[in-house]
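Welcome! Please take a look at the sequence and the 3D structure shown here, and then read on for a guided tour.

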Amino acid sequence: MKCSIIVSYCRSVERAVRLYHSLENQDFPHDEYEIIFVNYGEIDGLSEYIADHPSRVRVRCFTVSGARVSQAKNQGIRRASGELLIFLNGDEIATRSFVSGHYNAYKEHGKPVMQFGLTKQVFEDNDEVFFENREILRNGIRYWLTEPETYGLDKHKSYYYIKDIRLKMLEPYRYDFDKVKYKMIFTQTSNLSVPMECIRSFGGIDESFRGQEIEDWEFGYRMMKNGVDIVYNPQVAVLHLYEKEKYDSKRYSEWKSNLDIMLRKYNDSFLDELEEFKSFFDPVRRERIRKAEPGKNIWIEVYKHLERSARKPSFA
């Protein structure tokens, strides 16, 4: 088996079904990849749906009720048989060349690499969605999504998307990812692949974290420290249909706590500068900046300063 696609999800079965159909219709040999769905929420009907709508691709569904997302991903890793593992979230949509894009780039490198692609945030064209996301949309150009039905979306509706914020982070380097120092900040397991041999040598997802933001950084950093190159693959973008998310003080505090866990784990001077992100996680300071400079993207400003002040890493 060449590829194992590990999909963790906990909410919408409808979205997981849409992802399932986008993954079963890849331009990659159907007997060379498998799809592993791991539900870490309540019991749902995805496995029954797939049983009623079988595919030529090997598909398996597992449930680990009440688990963390990291535990769900590790469950998928343990069940996988592919030489390349590809991680996705259950609310995304894969383009037809998604699997081949990951696998072909992996083979072309001729060595184990961790590669990531970007996510296009897709919004339905209506006033309510625009009002809810006016701050996000103010920081990005909107592009119309043509032929939405090819992605499992309603062909009678209009949609637009904005580019992943990580492209903005790459602007100072003219999109040359080789020049980035803190590469692990880009390694989100919503569109990420890593060879199975790297997992066997250096471990899977650290289950000490809550959520999946900082745990993804730690996963990428662990690969960096062990000599695995992180590379940007622009050919493997996925779509994510807008869903109103809860970004409250609890979530930011959780991120800050996770960052503390990562810093304590390594006690590495190269990571000391990540302390800067605590200003982003501080809801009081973030709100004060937002009111004083409403057009300012705090995340981008912190990241740019981080890269400018980066120390030289020392890896094995």
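Let us begin with a single side chain: W299 counts as buried because its relative accessibility is 16%, where buried means under 20% relative accessible area, exposed over 50% and partly exposed in between (1.4 Å probe, protein chains only). Before going further, please note that this is a predicted model, in which local features need pLDDT of at least 70, side-chain atom pairs count only at pLDDT 80 or more, and totals for chains, interfaces and linings use all residues. Residues are numbered from 1 along each chain as its sequence is written, and side-chain values use heavy atoms, with hydrogens and water left out.

## Aromatic rings

Which residue has a ring that pairs with that of W299? The ring of F277 does: the centres are 4.8 Å apart and the planes are at 45 degrees, so the pair is tilted. Here rings of Phe, Tyr and Trp (its six-membered ring) pair if their centres lie within 6.5 Å, and planes under 30 degrees apart count as stacked, over 60 as edge-to-face and the rest as tilted. This pair links distant parts of the chain, 22 residues apart: F277 is in the loop between α10 (249-266) and α11 (278-281), and W299 is in helix α13 (residues 298-308). Helices (H or I, at least four residues) and strands (E, at least two) are DSSP runs, numbered from the N terminus. F277 is buried too, with a relative accessible area of 0%.

By the ring rule, the count comes to 21 aromatic pairs. Another one joins F87 and F219, and it is edge-to-face because the planes are at 85 degrees, with the centres 6.2 Å apart. F87 belongs to strand β4 and F219 to helix α9 (residues 214-225), 132 residues apart. Both F87 and F219 are buried. The two pairs are set out below.

| Ring pair | Distance between centres | Angle between planes | Kind |
|---|---|---|---|
| F277 and W299 | 4.8 Å | 45 degrees | tilted |
| F87 and F219 | 6.2 Å | 85 degrees | edge-to-face |

Ring pairs also link F116, F177, F186, Y232 and Y303 into a cluster. A charge sits over a ring if NZ of Lys or CZ of Arg is within 6 Å of the ring centre and within 35 degrees of the ring normal.

Strand β1 (residues 3-9) and strand β4 (residues 84-89) run parallel and are joined by 6 bridges. Along this pairing, I6 stands opposite F87.

I6 and F87 are also among the residues that I77 touches, as are L85, M196, I199 and G204, not counting residues up to four places away in sequence; contact means heavy atoms within 4.5 Å. I77 lies in helix α3 (residues 69-79) and counts as buried because its relative accessibility is 9%.

## The sheet of 5 strands

The other open sheet has 5 strands in the order β5-β12-β7-β9-β8, and its pairing is mixed. Its edge strands are β5 (92-94) and β8 (143-144), each pairing on one side only. β8 runs antiparallel to strand β9 (residues 159-162), and 2 bridges join them. Y161 of β9 stands opposite Y143 and is the bridge partner of V122.

In a regular strand the side chains alternate between the two faces of the sheet. In β9, Y159 and Y161 point one way, Y160 and I162 point the other way, and all are buried. R142 lies over the face of Y160, at 4.9 Å from the ring centre.

## Cysteines

To finish, how many disulfides does the structure hold? There are 0, a disulfide being a pair of cysteine sulfur atoms within 2.5 Å. For C3, the nearest cysteine sulfur is that of C198, 14 Å away. C3 counts as buried because its relative accessibility is 0%.

How values were computed
Two strands pair if DSSP finds at least two bridges between them.
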